[in-house]
Structures are given as structure tokens and as C-alpha cells.
Amino acid sequence: MRKEFLICYDICDPKRLSKVRKYLYSLALGGQKSALHVPLNRAEMQVVIKNIKSLTKPEDHVHIIPINPNPVCFGKSDYLKFEDGAIIL
């Protein structure tokens, strides 16, 4: 079962930043700059953590925050459900 996560990052080195950004954007449903919405199951989370550790150094910061399954949406926003790995627009 997948859960929704907000992954935020602050990477000190431009080369590492580029690598982390490319990797995380390949997983993300959306987001802005260094804060991305990523659906992950337990096995995928372990792979993401392993890969992020290999791409970063101790001075870098990456936060993986679980998103409430019933978010409060304001304005015209709406919660996008991720079902079985497919999004139909």
C-alpha cells in the first residue's frame, strides 16, 4: 500500500543538487522547487532512502514527511488520488 510523502531537500553543492533533483523528480507526482509530493510503499521508501544517502553528504538536508491522508484543501485545489500506480488526467 502506498502512502503519500512530502520530500523536501536543501543540498549545498550544485552538482549533488542536480543529481538529487533529477532522482526525486523522477518519483514525484508534483511539487515546487525543493518540495515534492511522492507516493511510496515500504519497499520503495527503503530504496529512496538508500539512494538519497548515496547522493548526499552530511551537510545536506533531506526531509521525508508523511502527508495526512485527508488533507484540507483551500481555494480551487483538490486532492489527487494515486491509485494502483496510474493517474488518469
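Here's a quick tour of the strands, the core and the helix pair in this structure. Keep in mind that the model is predicted.

**The strands**
- β3 pairs with strand β1 (residues 3–10) in the antiparallel sense, and six bridges link the two.
- β3 also runs antiparallel to strand β2 (residues 30–32), this time with three bridges.
- L36 is a handy spot to look at: it's the bridge partner of I7, and it's also the bridge partner of G31.
- Between β2 and β3 the hairpin has two residues, and K33 takes a positive phi near 50 degrees there.

**The core**
- The largest nonpolar core has 13 residues, and Y9, L24, L40 and V48 have the most contacts inside it.
- Two or more residues of this core come from each of β1, α1 (14–25), β3 and α2 (42–55).
- If you skip its neighbours within four places in sequence, L40 touches M1, R2, K3, F5, M45 and V48.

**The helix pair**
- α1 and α2 pack at an angle of about 165 degrees, and their axes are 10 Å apart.
- Angles over 145 degrees count as roughly antiparallel, so that's how α1 lies relative to α2.
- The crossing of α1 past α2 is right-handed.
- On the α1 side, the residues that meet α2 are R16, K19, V20, Y23 and L24. Their counterparts in α2 are V47, V48, N51, I52 and L55.

Key
Residues numbered from 1 in each chain as written. Predicted model: local features only at pLDDT ≥ 70, side-chain atom pairs only at ≥ 80, totals over all residues. Heavy atoms only, no water. Pairing = 2+ DSSP bridges. Helix = DSSP H or I, 4+ residues; strand = E, 2+ residues; numbered from the N terminus. Core = buried A, V, L, I, M, F, W, Y, C linked by side-chain atoms within 4.5 Å. Buried < 20%, exposed > 50% of the residue type's maximum accessible area, 1.4 Å probe, protein only. Contact = heavy atoms within 4.5 Å. Axes fitted to C-alpha atoms, helices over the stretch in contact; angles between N-to-C directions. Parallel < 35°, antiparallel > 145°, perpendicular 65-115°, else oblique. Left-handed = near helix turned anticlockwise from the far one by under 90°.
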